[in-house]
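Thanks for coming, everyone. I'll take you through one model quickly, pockets included. Please have a look at it first.

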Amino acid sequence: MRKITATVGSAVFLVLAPGVVAGLVPWWLTGWRMGAAFPAPVEITGTVLAAAGAAVLLTAFAQFAMQGRGTPAPSAPTEQLVVRGLYRYVRNPMYLAVLAVITGQALLLSRPVLLGYAAAVAAAFIAFVYGYEQPTLTRRYGAQYQAYQRTVPGWQPRLRPARKTPRP
């Protein structure tokens, strides 16, 4: 896939998937209205968490388009396994970023309903990763993905990047 096609496809998928999960649904649940105010440090933490999650999400999407020459969408996967950048620290930065955005919104808006929603989204992400994504990546990339799984944790980011990640 050409980089421009991968970039456009990734942008469309960004709006359709994380845009709905971390944007539209939280808006439906809250109308972006504040709840009973949490202490200021909690709201500040929420702002930082949401902003960091958004930055990680955008960076991960860009890596898929530029390095993997594909999209995060299952219908238009990358040509190469993406194992550099954020993917040296954790295998699932996009899912973690979406959860950070939703959790950040919950803290910033003082809306516990979003914490429950984040928990439901986390359960769906975990089921998808173990039930579909990992088996699909194993079939597509074989030994390279299996070596990557052994080297980089799935959900808890490393403090230091993996020294050796499997090359495409």
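Where does Arg163 lie? Arg163 sits in the segment after α6. Helices here are DSSP runs of H or I with at least four residues, strands are E runs of at least two, and both are numbered from the N terminus.

Some ground rules. This is a predicted model, where local features need pLDDT of at least 70 and side-chain atom pairs count only at pLDDT 80 or more, while totals for chains, interfaces and linings use all residues. Residues are numbered from 1 along each chain as its sequence is written, and side-chain values use heavy atoms, with hydrogens and water left out.

Back to Arg163. Arg163 counts as exposed, at 80% relative accessibility. The cut-offs: buried is under 20% relative accessible area, exposed is over 50%, and partly exposed is in between, with a 1.4 Å probe and protein chains only. Arg163 and Val12 are 151 residues apart along the chain, and their C-alpha atoms are separated by 33 Å.

Next, the pockets. Rolling a probe the size of a water molecule over the atoms shows where empty space is left. In our case, the search runs on a 1 Å grid over the protein atoms alone; a pocket is an open set of points where a 1.4 Å probe fits, with protein on both sides within 12 Å along at least five of seven lines, and lining residues have an atom within 4 Å of a point. Points are joined across faces, edges and corners, and a volume is the space filled by probe spheres set on them.

The largest pocket holds about 740 Å³ of space. It has 35 lining residues, and the closest to its centre are Phe64, Pro72, Tyr95, Phe128 and Glu133. Which helix gives the most to that lining? That is α5, with eleven residues. Helices α2 (18-30), α3 (40-66), α4 (93-109), α5 (113-141) and α6 (143-151) each supply at least two. By class, the lining has 27 nonpolar, five polar and three charged residues. Nonpolar here means Ala, Val, Leu, Ile, Met, Phe, Trp, Tyr, Cys and Pro; charged means Asp, Glu, Lys and Arg; the others, Gly among them, are polar.

The second largest pocket has about 180 Å³. Among the lining residues are Leu49, Gly53, Tyr89, Pro93 and Pro157. The classes come to eleven nonpolar, one polar and no charged.

Now the backbone. Most residues other than glycine have a negative phi. Trp32 has a positive phi of about 60° and is not a glycine. Trp32 is in the loop between α2 and α3. Ser110, also not a glycine, has a positive phi of about 60°. Ser110 is in the loop between α4 and α5. Buried or exposed, Ser110? Buried, at 3% relative accessibility. Trp32 is partly exposed, at 39%.

Gln67, in the loop between α3 and α4, is partly exposed at 25% relative accessibility. Gln67 and Leu108 are 41 residues apart in sequence and 34 Å apart in space, C-alpha to C-alpha. Gly9 is in helix α1 and is partly exposed, at 26%. Gly9 and Tyr145 are 136 residues apart in sequence, and 23 Å apart in space from C-alpha to C-alpha.

That's it from me.
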